[in-house]
Amino acid sequence: MTWIADLYETYEANQDQVGKMLIRKNQQFSLLPVGHAYRNVQIEVQVTPEGEFFDARVLSKEEAPTVIPVTESSGGRTSSPVPHPLHDGLKYVAGDFEQYADTKKKKPTPHEMYMAQLQQWADHDPRVAGIYKYLQKNRLIKDLVEKKILFIDETGKLLPKWSKELTEKMGYKPPLFDVLAGSQDSAMVRFTIHDPRGNADELPLWEDPEIANSAIREFSGGQEGIDYVTGKAMPVTEAHASGLRYGGDMAKLISANDAVNFTYRGRFSDKSQVAGVGYEVSQKAHNALKWLIIKQGIVRDGRVYLVWGQSLPERFTPLAGGLDLFEDDDLEDDHNFPNTQEEFAKLLKRAIYGKNESLVIADKVNIMILDNATPGRIGILYYNSTDQKQYLTRIENWQQQASWRHTYFVNKQPRHYYGAPNLYDIAKAAFGENANKTVLNNATTALFTCVVENKKVPYDLMSKLAHRVSNPASFEQNWQWRKALEIACSMVNNYFFRDKGGCSVSLDKERKERNYLFGRLLAVSHVLESEVLKNQGVSGRSTSAERYMNAFSMHPVKTWMIIRKNLQPYIDRLRPNQKIFYDKLFTEIMDQFDPDTYTDKALDGRYLLGYYSQEYAIYHKQPVKEEEE
């Protein structure tokens, strides 16, 4: 139970953050008190202290996440009717629900269960009593219909959905139908007390710490047992929280409710024998996890990537590319921004470890990946803990061992950085922008573990990237291919040269490895043809090197003869000094080949490094000047 213990410790270390509202991506959130959870709410109802309906409104999607009190059972409820203490769905809070919706006649009804529970709380808290008095009148839906929050059809039932015909007839679409995922009867309602004669700065009930403490006193409990996390005797629970990734998320991390199909039988006769978890410990651990996910987690198609430490800056995630590890201030001064691989490595080291290595400490860092195992279960795909010094070292190692030159744009102007790319960008470069989301997530997860465990990139992923990049025609835009080429070079560099200090972007004229040399040949032919086409005013035409790149990677000698033959008309159009330059370059590369390695054997990804470095060297040398007459 290491992960629960770590999350529980995180909650205890951040007690000062409980109830403190933060904002990330236009979403408000806080570290929840015990016995509370986030739920997405669509309707807000204001009630007077005397129990009279005052007003109601539909909440926007940004306002929807609401902190509500929950009981031990309702915090993780699924399909069985279990009421929340105060804010809840229409079928629980509305006494006239059966008049407006078709329901199964079961006793007790969800509303009766809700009211019996609310009455006990109302007897101990006068602020809740006003809401209880109002709900006793059994007219909530009627009031919401009159307020034009809810809408009924010709039979007097809640309208199941809104149609275009109704929009044309009414002249507008009610806001509730823009925020509801289902029908009107699935709407969630939150209540607050409003005194028309009172203070205009009333605190809503869901933000009132006194109401939160009142709910904790009223609904905390459970049978005594041994908590396996702390080893202490305390009330334990078998009902653990859901709503980890967002308000409506019903997937749970801990659950054992399938006694009929023998999920746990054979080892245990009862689920309580597996392990006991204290109610307070479970609540604090799950609430800490919810808080961390919203605060600094990265969620991709339901998969959660989370790294946290008491003193670890949130930007230091394994998913980040080299550019993402800098603070905004580091990138503001264009004049001081590094333009070489060595300069960038020094700046990156300073960004990772902090000024005077202030971040090199022994604080604990926790690393977690979560995803759905089934629609109702969420599983831990990866969990690890390390100290901050080692974690930062591995971040730096990855950035150095997967370093290459990458392009990004500021105000449509290209700029460059040296380091590893963003992990999700690597997955998309390997499998395509429109690849299956599970495939992209699995590739990202594999790379994630490479970073945190200091491993080389998987061979199959590196090969997939090299193969896809070898077919430039498969990309819609040239810039997409260029981005994928830079990413592929990073991964090839990591796979082949991570233990050798890496391969530099700068051209290595002494490197005699066959893949590198063949890549250089291809780059020279591409630049030569591109230069002639540019001088002729031709744009948008692919070169022979681009068209034959895939075939070249599989049969380099055979394909090179074809490319070289196609290149001759362009060589004839070069100026004399240009001919000398390119002829000398071709000769220089060919002389580097060992006769035993100049074979038609397929190339691996290393040829892309030679291609990129040779192209970079030509484009960044002084342009060839015409001979003076």
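Here are some friendly notes on this predicted model, point by point.

1. **Ground rules.** Residue numbers start from 1 along each chain as its sequence is written, and side-chain values use heavy atoms, without hydrogens or water. As this is a predicted model, local features need pLDDT of at least 70 and side-chain atom pairs count only at pLDDT 80 or more, while totals for chains, interfaces and linings use all residues.

2. **Confidence.** The protein chain has a mean pLDDT of 89, with 93% of its residues at 70 or more; pLDDT is the predictor's confidence in each residue, from 0 to 100. Over residues 622–629 pLDDT stays under 50, and the model has 9 contacts beyond four places in sequence for them. Where pLDDT is low, the predicted coordinates should not be read in detail.

3. **H17 and H21.** Look at helix H17 (residues 514–535) and helix H21 (residues 576–592), whose axes come within 9 Å and cross at roughly 165 degrees (helices are DSSP runs of H or I, at least four residues, and strands are runs of E, at least two, numbered from the N terminus). Axes are lines fitted to C-alpha atoms, for helices over the stretch in contact, with angles from 0 to 180 degrees between N-to-C directions. H17 and H21 are therefore roughly antiparallel, a term for angles over 145 degrees. Among the residues making the contact are Leu517, Val524 and Leu528 of H17, and Tyr582, Phe586 and Ile589 of H21. The contact divides into 10 nonpolar, 3 polar and 3 charged residues (Ala, Val, Leu, Ile, Met, Phe, Trp, Tyr, Cys and Pro count as nonpolar, Asp, Glu, Lys and Arg as charged, the others, Gly among them, as polar).

4. **H4 and H9.** Helix H4 (residues 110–122) packs with H9 at about 115 degrees, their axes 10 Å apart, so H4 and H9 are roughly perpendicular, the term for 65 to 115 degrees. Here Gln117, Gln120 and Trp121 of H4 meet Ile211, Ser214, Ala215, Glu218 and Phe219 of H9. By class, that gives 4 nonpolar, 3 polar and 1 charged residues.

5. **Asp208.** The loop between strand E8 (188–193) and helix H9 (209–219) holds Asp208. Is Asp208 buried or exposed? Asp208 is buried, at 13% relative accessible area (buried is under 20%, exposed over 50%, partly exposed in between, with a 1.4 Å probe and protein chains only). Beyond its neighbours within four places in sequence, Asp208 is in contact (heavy atoms within 4.5 Å) with Arg127 and Leu203.

6. **Lys137.** Between helix H5 (126–135) and helix H6 (140–146), the loop includes Lys137, which is partly exposed with a relative accessible area of 37%. Setting aside neighbours within four places in sequence, Lys137 is in contact with Gly51 and Glu52. Lys137 and Asp96 are 41 residues apart in sequence and 9.0 Å apart in space, C-alpha to C-alpha.

Definitions and conventions:
Parallel < 35°, antiparallel > 145°, perpendicular 65-115°, else oblique.
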